[in-house]
Amino acid sequence: MKTLKVGGVPEHFNLPWHLCIENDEFKNEDINVIWKDFPDGTGAMTRALRSGEIDVAVLLTEGAVKDIISGNEAKIVQSYIGSSLIWGIHVDANSEYQNIQDLEGKKVAISRVGSGSQLMAYVNAQNQGWDPSSLEFEIVGDINGAIEALKEGRADYFMWEHFTTKPLVDNSTFRRVADCPTPWPCFVIAVKNKVLKFDYADVRKMTDIVNKKSSEILNIPGIDKVFAERYEQKIEDIRKWMEITSWSQHQISEEDLEEVQQQLLKLDLISNTIDSSCILYNL
């Protein structure tokens, strides 16, 4: 039985993977999928992919593209979430900042250098007409580190997925001042080149299994309650999230990939764009 080590964030998007593991759907096809949670997000996952700690990563599109261009020997094999990710822009509940305009020139809490929270801070700055090169960052590791940094005043705002962070808004830990959606499909599946070379058939079987689950998950009776209970969300928030979320079972389009590369280039987060064949691998 082939073992594939897969990493992803401990968020509701990845429930299809967990259901397949729990129901032995991978093992029934002679694949042992070992899942590792990465609460620190994209930056931690790209490092784990580089080091071989994991073989496969389910991560933010912009983070995957940036790190592959920067030398990560991996390829994107497909889009995983076809809809945008809604990033909430959060301040401490007791902060004096009341709206997005108040945050110009203020310090951003990010999980890691190269993380989605950093990349989207640049995107948000560009959207607001701020100078992205003037952004200052405080590295906080994860959402718990962000809570402390904002409370202590070491950072002023923190960007994280809207619905994952909603319980912290509800309990008055954070106050959300705005949202910032990604301008492209938000999650992709990236695989180490070495794994694609030697274990192509197993990777293909694995993605086929998870794609079947993701294509039907929203039609499973009572799945909204499963999402809510597992991820400690209010049922009404989960239903709103389900309405705007779509899983993909196909490769990301070259148009979307070009948009990501151009945005990264415009923000000076990469020094050059590269051909799509160096980033994408079609199973």
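This is a predicted model: local features need pLDDT of at least 70, side-chain atom pairs count only at pLDDT 80 or more; totals for chains, interfaces and linings use all residues.

Visitor: What makes domain 1 and domain 2 separate units here?

Guide: An automatic or database domain assignment sets the bounds. Domain 1 covers 2-84 + 184-278, and domain 2 covers 85-183. Their C-alpha centres lie 23 Å apart.

Visitor: How do you know that residues of domain 1 and domain 2 are in contact?

Guide: Contact requires heavy atoms within 4.5 Å. By that rule, 31 residues of domain 1 are in contact with 27 residues of domain 2. The two domains bury about 2,300 Å² between them, 60% of it on carbon and sulfur atoms. Asp-40, Trp-184 and Leu-267 supply 24% of the area that domain 1 buries against domain 2, more than any other three residues.

Visitor: Why is the pairing of Asp-170 and Lys-234 called a salt bridge?

Guide: The cut-off is 4 Å, from a side-chain nitrogen of Lys or Arg to a carboxyl oxygen of Asp or Glu. Asp-170 and Lys-234 meet at 3.5 Å, N to O. That is within 4 Å, so the pair qualifies. Across the interface of domain 1 and domain 2, the rule finds three salt bridges.

Visitor: Which residues lie nearest the centre of the largest pocket?

Guide: Pro-10, Glu-11, Ile-143, Thr-164 and Tyr-231, out of 17 lining residues. Two elements each give two or more residues to this lining: α5 (143-152) and α6 (162-170). The pocket volume is about 370 Å³.

Technical notes:
Residues are numbered from 1 along each chain as its sequence is written. Side-chain values use heavy atoms; hydrogens and water are left out. On a 1 Å grid over the protein atoms alone, a cavity is a set of points where a 1.4 Å probe fits but cannot get out, and a pocket is an open set with protein on both sides within 12 Å along at least five of seven lines; lining residues have an atom within 4 Å of a point. Grid points are joined across faces, edges and corners, and a volume is the space filled by probe spheres set on the points. Helices (H or I, at least four residues) and strands (E, at least two) are DSSP runs, numbered from the N terminus. Buried area is the accessible area (1.4 Å probe) that two parts lose on being put together, summed over both.
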